Amino acid sequence: MTRTKPSRLSYLTTGIIKENPTLILMIGLCPTLATTTSARDALGMSAAASFVLILSNVVISLVRKFIQPSIRIPIFIIIISTFVTIIDYALQAYQPSLYRVLGVFVPLIVVNCIILGRAEAFAYNHGVFDSFLDGLGNSLGFTLLLVVMGSVREFFAAGTIFGKVVTPAWYRSAPMLFMIFPPGAFFLIGILKALVIKLKLDKG
Amino acid sequence: MSLTKIFIGAFLVNNILLMRFIALCSFFGVSTSMDTSVGMSAAVVFVTMLAAWVCWVLWHALLLPLGLGFLRTAVFILVIAGLVQFVEMFLRKYMRGLYSAMGIYLPLITTNCAILAVTFLNVDYGFNLLQATIYALGVGGGYSLAIILFAAIRERLEDSPVSPSFRGYPIAFVGASLISLAFLGFANLFGITI
């Protein structure tokens, strides 16, 4: 009896589309909604979270043989919070303007369900390279959604994308400010999720 | 900053769920029924208060004097994880019904960002112990208010004719958007910004 082993490539790709952590599994919603008021902030947030996700996946899979199963969660949290502290201080030092915008959401990366979820579901029982690919795939999926949300919200609320003007002057004089406020974020992710469900229903 | 303003700020103006977008996983996960929402709210209020006290004392008595500020993230999350473990054991022993109702969300309260956010914000805003307590109470109350309002709406959504692609999460998001729009009306109430 042969069991087909999932390919290396699939570790990378499932996190991007098929099991996109935020849009399909609906975890890690807080930063997705809170830090996507502009495309640039969204990219900054996803870069910080990706740094933590990839490195914690790698380190956890490196030391997984030494972790007692009963105390694995506290150990995961210590490893994750180490990387969160590193990125917290690095952003404060080198990107102070971004740090001010992201605010409390940088230290809150430590409770991002995606990171602990991947540690528990994947890194704890897979090899180092596979865990790296899994972390990278999930990071890309997370980044993709955040940048899409940030771009759409910035487009409607300010008429720009990544700070570049893309709408005529008459639109920018009275833009849809609604989108930059919290209700706009809830509304947009509702529409995106409905689109995903629609695509799934159409496929059968 | 007066205590009333801190409370109203945390409770309404900057509602932790609807304005700050913190702790959304539990917001959407638990709010499918009124019972679980009430149970989760009670747990969050309780753990938030405990965590706010313990972390405030640790920060001002231990981490700050010893110059260990960089350990904040690790220490606070571990304290909360320990507290949650304790609450879980307590519920399992004495409140069996509530324990089974919350299912997988009780361990997830560790990763409930609301609690950790309160402990961080208490430090960032430089609150004293009384202010920190009131702030924690406001956040817990605001969390309960939002999740219970939302649960009432979702229970009705279950039976309403919604287009197939909007069923479940999407219509819940749109509903949350509308409640959030109502809460936007509290912005700058009494000039509160915290």
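This is a predicted model: local features need pLDDT of at least 70, side-chain atom pairs count only at pLDDT 80 or more; totals for chains, interfaces and linings use all residues.
Trainee: How many residues of H7(B) are buried?

Mentor: Residues are numbered from 1 along each chain as its sequence is written, with chains lettered from A and ligands numbered from 1 in the order in which they are written. Buried means under 20% relative accessible area (exposed is over 50%, partly exposed in between, with a 1.4 Å probe on protein chains only). Among the buried residues are Cys113(B), Leu116(B), Phe120(B) and Asn122(B). H7(B) is mostly covered, and the count of its 12 residues that are buried is 11.

Trainee: Where does Gly142(B) sit, and which residues is it in contact with, leaving aside neighbours within four places in sequence?

Mentor: Gly142(B) is found in H8(B), and it is buried because its relative accessible area is 0%. Contact means heavy atoms within 4.5 Å. With those neighbours set aside, the partners of Gly142(B) are Phe11(B) and Asn15(B).

Trainee: Is Phe21(B) buried or exposed?

Mentor: Its backbone first: phi of Phe21(B) is near 60 degrees, a positive value in a residue other than glycine. Most residues other than glycine have a negative phi. Phe21(B) lies in the loop between helix H1 (3–13) and helix H2 (24–30) of chain B. Its relative accessibility is 4%, so Phe21(B) counts as buried.

Trainee: What about Phe162(A), what is its relative accessible area?

Mentor: Phe162(A) also has a positive phi, near 50 degrees, and its place is in the loop between strand S1 (160–161) and strand S2 (164–165) of chain A. Phe162(A) is partly exposed because its relative accessible area is 40%.

Trainee: How do H7(A) (residues 128–158) and H9(A) (residues 182–203) lie to each other: parallel, antiparallel, perpendicular or oblique?

Mentor: Axes are lines fitted to C-alpha atoms, for helices over the stretch in contact, with angles from 0 to 180 degrees between N-to-C directions. These two come within 11 Å and cross at roughly 125 degrees. Under 35 degrees counts as roughly parallel, over 145 as roughly antiparallel, 65 to 115 as roughly perpendicular, and the rest as oblique. That makes the relation of H7(A) to H9(A) oblique.

Trainee: And how many residues are polar in the contact of H3(A) with H4(A)?

Mentor: H3(A) (residues 39–63) and H4(A) (residues 72–94) pack at about 145 degrees, with axes 9 Å apart. The contact includes Phe51(A) and Ser56(A) of H3(A) and Phe83(A) of H4(A). Ala, Val, Leu, Ile, Met, Phe, Trp, Tyr, Cys and Pro count as nonpolar, Asp, Glu, Lys and Arg as charged, and the others, Gly among them, as polar. The contact has 15 nonpolar residues and no charged ones, and its polar count is one.

Key. Side-chain values use heavy atoms; hydrogens and water are left out.
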